[in-house]
Amino acid sequence: MVYGNKHKAVLQAIIHEGALHEDNGKDLIIRLFDHNNTAKVLSEINAQLRPLYMTIKCMTCEVTGQLYWVFASTVQDKSASFHPEFSQAELALLRSVYSEIVTSSNGYVSSTFCLNLCSSLNLRLSKAEADEFLHEMVTRKWLYSKDGKYYMGVRSIAELLQYFKDTYENNLQICTLCKQELFYSEKCSTCDAATHVYCLENYARNHGGPTECPNCHHPIPGNDSSNDAKDVECAPQVETDVEMTQSSQSKRSKRRHKN
């Protein structure tokens with residue numbers, strides 16, 4: 001099929017969401033193309049994006065195991081730079097949150113600790129402003145929040161992995177199964193091997209037995225991570241009209257004026 005307005009509508013929806021839940025993406029493609037061959041449609045879009053050094057990546061949330069389509073650059077960001085709508089103080093806070101997540105032993109940081117980071121910044125940022133900013137980072141999928149904790153979001157993993165590799169080379173671990181870098185994982189108490197929670201669940205399901213470490217086969221106690229997906233509501237059905245995009249741009253303009 002020739003690349004056309006239907007492809008552009010899908011791309012517009014992904015760009016608007018930043019990270020579009022796969023279920024919503026599939027629904028949109030079915031509505032527009034009358035088929036569910038999402039791989040074909042995404043491949044056709046990526047062929048157009050390739051000369052622009054952009055792509056749509058399929059990313060899995062480390063906490064919920066849910067899939068998202070992320071609009072990202074193929075030239076990895078090494079400095080964790082963001083749109084100028086955010087203040088330097090907000091970006092400094094976000095980098096500090098990243099640092100705490102990556103260097104932690106469990107792959108997350110408490111929301112209270114994040115707000116207390118404001119006092120360590122060289123730039124002025126109130127806790128109320130920080131709380132609003134971090135909430136927006138969760139909404140935009142740069143961070144993930146659950147039970148008062150912040151985890152690495154799918155957009156951060158998709159777009160800033162090179163930054164994390166360059167900045168925290170000695171802190172990053174590799175999943176025992178998929179061999180990809182991870183931030184939040186299930187760790188074996190015997191051999192200390194780290195595995196994505198969703199990779200471990202798929203491994204146990206395929207082997208038809210109790211959950212065990214893929215490296216040393218030591219039993220791993222059950223956890224409530226499989227219930228995380230039930231706690232997350234899918235994003236509302238995606239609209240694709242121009243008015244929605246203009247409304248979003250208006251909100252960002254007001255935010256810049258406020259800052």
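**Notes on the predicted model**

1. Start with how the chain folds back on itself: of the protein's contacts between residues at least 6 apart in sequence, 57% join residues at least 24 apart. Keep in mind that this is a predicted model.

2. On the overall make-up, the protein has 9 helices and 10 strands. Its chain runs to 259 residues, and 44% of them count as buried.

3. Now for confidence. The mean pLDDT of the protein is 85, and 82% of the residues reach 70 or more. Which elements mark the two ends of the range? Strand E6 (residues 149–152) has the highest mean pLDDT of the elements, at 98, while helix H9 (residues 242–258) has the lowest, at 46.

4. Two stretches call for some care. Residues 223–238 have pLDDT below 50, and the model gives this stretch 28 contacts beyond near neighbours in sequence. Residues 240–259 stay under 50 as well, and here the model has 24 contacts beyond four places in sequence. Where pLDDT is low, the predicted coordinates should not be read in detail.

5. How many salt bridges does the structure hold? There are 7. A few of them are picked out below.

6. In one of these, Lys-26 pairs with Glu-22, and the closest N and O atoms are 3.9 Å apart. The two residues are separated by about one helical turn, because they sit 4 residues apart in helix H2 (residues 22–33). Is Glu-22 buried or exposed? Glu-22 is buried, since its relative accessible area of 16% falls under the 20% cut-off. Lys-26 is partly exposed, at 33%.

7. Helix H3 (residues 38–49) holds another pair, Glu-44 and Lys-40, again 4 residues apart and so separated by about one helical turn. Their closest N and O atoms are 2.6 Å apart in the salt bridge. Glu-44 counts as buried, at 17% relative accessibility, whereas Lys-40 is partly exposed, with a relative accessible area of 37%.

8. Finally, have a look at Arg-140. Its side chain meets that of Glu-136 in a salt bridge, at 2.6 Å from N to O. Glu-136 is buried, with a relative accessible area of 18%. Which residues make up the network here? Glu-85, Glu-136 and Arg-140 are linked by salt bridges.

Note on methods
Residues numbered from 1 in each chain as written. Predicted model: local features only at pLDDT ≥ 70, side-chain atom pairs only at ≥ 80, totals over all residues. Heavy atoms only, no water. pLDDT = per-residue confidence, 0-100. Contact = heavy atoms within 4.5 Å. Buried < 20%, exposed > 50% of the residue type's maximum accessible area, 1.4 Å probe, protein only. Salt bridge = Lys/Arg side-chain N within 4 Å of Asp/Glu carboxyl O.
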